[in-house]
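Me: I'm new to this one and would like to go through it slowly. Show me the sequence and the structure, then I'll ask.

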Amino acid sequence: INGKNCISNFNFIIRKLKFENIPAFKPEPYTASKKDGQGIITNQLTNINFPGGSYKEFATSYKQFTDKLLDDSRFGKIIQNGDFIKKMISLDPSASKFDIATQIYNHFQHNLTTKIKNGYYSDKSGKNLFKEGFGNMADINLNYIGALNEMGIKTYPVLLSTRGYGIPHPVFPNYSKFNSVIAMSFIDDVLYFSDASSPENQDGT
């Protein structure tokens, strides 16, 4: 590449693939996504190494994918800052963890409006979220997870690819293959999944 301020040499590997007599995909009534039934070959960028410059690596495994998300200020940092909830609701110290979780869930449900029902990144703190009174799915659920953890209820974020969005690759992670996030809580040895951004859910569910 010849530019005004740089001259760099790159090596390229070009692979050509040819397919013949591939039958057309026919959608069926109960098919969740056409993407799941199509035979495709995909490529994924693993790293960028600029000659004489910086090196950037992308997630190449779900372990790296998870670590990068948890270290991201728009994801992991949100679920680590749930102390705002103590100033918003009065919790009975003698209440069961299930009752505390239900009270927190209902507080989010009754005081927030979901503007966009997808996404898993947020730039809103819990304080600003409730001040504005609305947010996207990630704004609400990530802060909801943070609030639950702050009150001693072990809760983790769960990324989802909703129906019609396609099934994520089982081995190679891709950030674009997920479009929503919900909460997974452990309460008294029972596993609970909850979505505080969904107005269709009933109180405490």
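Me: Is Asp189 buried or exposed?
Reply: Buried stands for under 20% relative accessible area, exposed for over 50%, and partly exposed for what's in between, using a 1.4 Å probe and protein chains only. Asp189 has a relative accessible area of 83%. Because of that value, Asp189 is exposed.

Me: Before I go on, what sort of model is this?
Reply: Residues are counted from 1 along each chain as its sequence is written, and side-chain values rest on heavy atoms, leaving out hydrogens and water. Local features need pLDDT of at least 70, side-chain atom pairs count only at pLDDT 80 or more, and totals for chains, interfaces and linings use all residues, as the model is predicted.

Me: Back to that spot: which loop holds Asp189?
Reply: Helices (H or I, at least four residues) and strands (E, at least two) are DSSP runs numbered from the N terminus. Asp189 isn't a glycine, yet has a positive phi of about 65°. Asp188 has a positive phi too, about 55°, and isn't a glycine either; its place is in the loop between strand S6 (180-187) and strand S7 (190-194). For Asp189, the answer is the loop between S6 and S7.

Me: How many helices and strands does the chain have?
Reply: Starting at the N terminus, the elements run β-β-α-α-α-β-α-β-α-β-β-β. Counted up, that's 5 helices and 7 strands.

Me: What share of contacts between residues at least 6 apart in sequence join residues at least 24 apart?
Reply: A contact here is a pair of heavy atoms within 4.5 Å. In this chain of 205 residues, 33% of the residues count as buried. As for the contacts between residues at least 6 apart in sequence, the share that joins residues at least 24 apart is 56%.

Me: How far apart in space are Gly164 and Thr31?
Reply: Gly164 sits in the loop between strand S5 (155-160) and S6, and is partly exposed at 42%. In sequence, 133 residues separate Gly164 from Thr31. C-alpha to C-alpha, the gap in space is 8.4 Å.

Me: What about aromatic rings: what kind of pair do Tyr62 and Phe65 form?
Reply: Rings of Phe, Tyr and Trp (its six-membered ring) pair if their centres lie within 6.5 Å; planes under 30 degrees apart are stacked, over 60 edge-to-face, and the rest tilted. The whole structure holds 11 aromatic pairs. Tyr62 and Phe65 make one with 5.9 Å centre to centre and 75° between the planes, so the pair is edge-to-face.

Me: Where do Tyr62 and Phe65 lie, then?
Reply: Tyr62 is partly exposed at 26%, while Phe65, at 4%, counts as buried. They're 3 residues apart, so about one helical turn separates them, in helix H1 (residues 62-70).

Me: How many residues apart in sequence are the parts tied together by Phe84 and Phe108?
Reply: Phe84 and Phe108 form an edge-to-face pair, 6.4 Å centre to centre with 65° between the planes. Phe84 lies in the loop between helix H2 (76-79) and helix H3 (97-111), and Phe108 in H3, so the parts they tie together are apart in sequence by 24 residues.

Me: Which residue forms a salt bridge with Lys86?
Reply: A salt bridge needs a side-chain nitrogen of Lys or Arg within 4 Å of a carboxyl oxygen of Asp or Glu, and the count is 5. One of them is Arg74 with Asp72, at 3.0 Å between the closest N and O atoms. For Lys86 the closest N and O atoms are 3.1 Å apart, and the partner is Glu150.

Me: And how far is the charged end of Lys124 from the ring centre of Phe134?
Reply: A charge sits over a ring if NZ of Lys or CZ of Arg is within 6 Å of the ring centre and within 35 degrees of the ring normal. Lys124 also meets Glu132 in a salt bridge of 2.6 Å, N to O, and counts as buried at 13%. Lys115 lies over the face of Phe134 as well, 5.5 Å from the ring centre. For the charged end of Lys124, the distance is 4.3 Å.
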